[in-house]
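I opened the model and kept notes as I went.

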Amino acid sequence: MTSSTESCSREEILIDHILSRLAVKSLLRFKCVCKNWCDLFNSLSFIKKHCDSPGNRTHPAVCKFGVNYNNEPEPLRSFNFYVLPEKIFTGIVPAHHRLYRGEKVTDFRCIYGPVNGLFILEKGHYLENVRFCWWNPATRECRLIPKWNFELLDFFDDHTRSAGIGLDLINNDYKFIWIRVFYDNDKYEVYPQAYAAIYSLNDDSWKLLDEPDLPYDCNLCASLTCTYLDGLHYWMTVTRASDSNLTYGIRTFDFATELFGQREAPPIPSDHWGTLMLRCDSIAAISSKDTARAYISFYDIWVMVGEDKWIKVFTINPQVPSHWPQGVWDYDKFIFELTETSNLAFYDHSTKQVTNLGFNHFRLLGSSFCWFLYYKESIVPVKRKEPSPFDNTDYFLAKYR
């Protein structure tokens, strides 16, 4: 005979299993059912189980920032986040769900991530006015990150800055690495030192990395999609020789040890453009000699196997007008932003077919930026135990200065 204790335990396991397959919207509603459920949803084990649940599928997503100069009585600066269906069929314009819209946005710069459903939003274009926040669009939670200023010298000016978001797998701590290189206006040259600081979500604080193992002339290329994988963030590096030829490399950052590393890059020819992206669950690279040219651009696609081995899986020739690569969906489906219209085109390499993704209204936006993302809902919390009324996305985008 089964004891009541065993029966209760089985019932709890079954309930836990069912709840882990629900959408975040439902879980947020069910928090008020009872204290046990509220505590369950906040537990690390349940958060991970929900994130890894087979029912919680990854979807393609698009983030768009732009200015509608035709808006009356004044131009409207908006930030929009769209989620597309997991399956996109050739020749059929997919429906897209706008998960978030922010208006009257000021000096928006970039979105980083996601890692387990979390993003970092960035504002600011100058030396000391850069601001960040954590954002979970599924729970609508936002946390303003305390401002951090490197010890800037009077003759400093902006040169380059890079960043990466990831998870410290040992301490279960979401972190953000920020890297800056400055220009010496007195000597008319790049200042010979790279600066790096890291922010911890657990500690809600910044830490300066003393003398990071990162050469100041090691240019970290912006990736097409978030290139975090298994505790490491990856950047393609490029150095230019005196003959203008390029040499590519790979730099990594370990969020647990907080150390930079180095890997071999794919054998990209020195006269090609190249950068990294995520292809399903692998680090991949894309390169081309004639980038963005209408109908005649060829792109080589490389996949990293192990730590230092790269395999070229195929070469694609997308039949689209003048464009810019945005990323890859699944194994062989690519997203391109069309230069003239700002619309997005979906190219299926297996069928050689192109599909309009239905963002025709993007042509109305000037000064615009677009990001293609892999999005999976999560209930990873980002709000403080005692959140400030300023910890909200609308405030960050429109008013945080």
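What radius of gyration would a compact globule with 401 residues have, and what does the chain have? The globule would come near 21 Å and the chain has 22 Å, which agrees. The radius is taken over C-alpha atoms, and the globule rule is 2.2 Å times the number of residues to the power 0.38.

Before going on I noted that this is a predicted model, where local features need pLDDT of at least 70, side-chain atom pairs count only at pLDDT 80 or more, and totals for chains, interfaces and linings use all residues. Residues are numbered from 1 along each chain as its sequence is written, and side-chain values use heavy atoms, without hydrogens and water.

Whole chain. I looked up the span of the C-alpha trace along its principal axes and found about 80 × 55 × 55 Å. Of the 401 residues, 51% count as buried (under 20% relative accessible area, 1.4 Å probe, protein chains only).

Secondary structure. I found five helices and 25 strands. These are DSSP runs numbered from the N terminus: helices are H or I with at least four residues, strands E with at least two.

I followed an open, antiparallel sheet of four strands in the order 21-22-23-24; two strands pair if DSSP finds at least two bridges between them. Strands 21 (323–329) and 24 (353–356) are at the edges with a single partner strand each, so one side of each has no neighbour in the sheet. Strand 23 (residues 344–348) pairs with strand 24 over four bridges, in the antiparallel sense. Opposite Phe346 I found Thr355 in strand 24.

Notes: Buried < 20%, exposed > 50% of the residue type's maximum accessible area, 1.4 Å probe, protein only.
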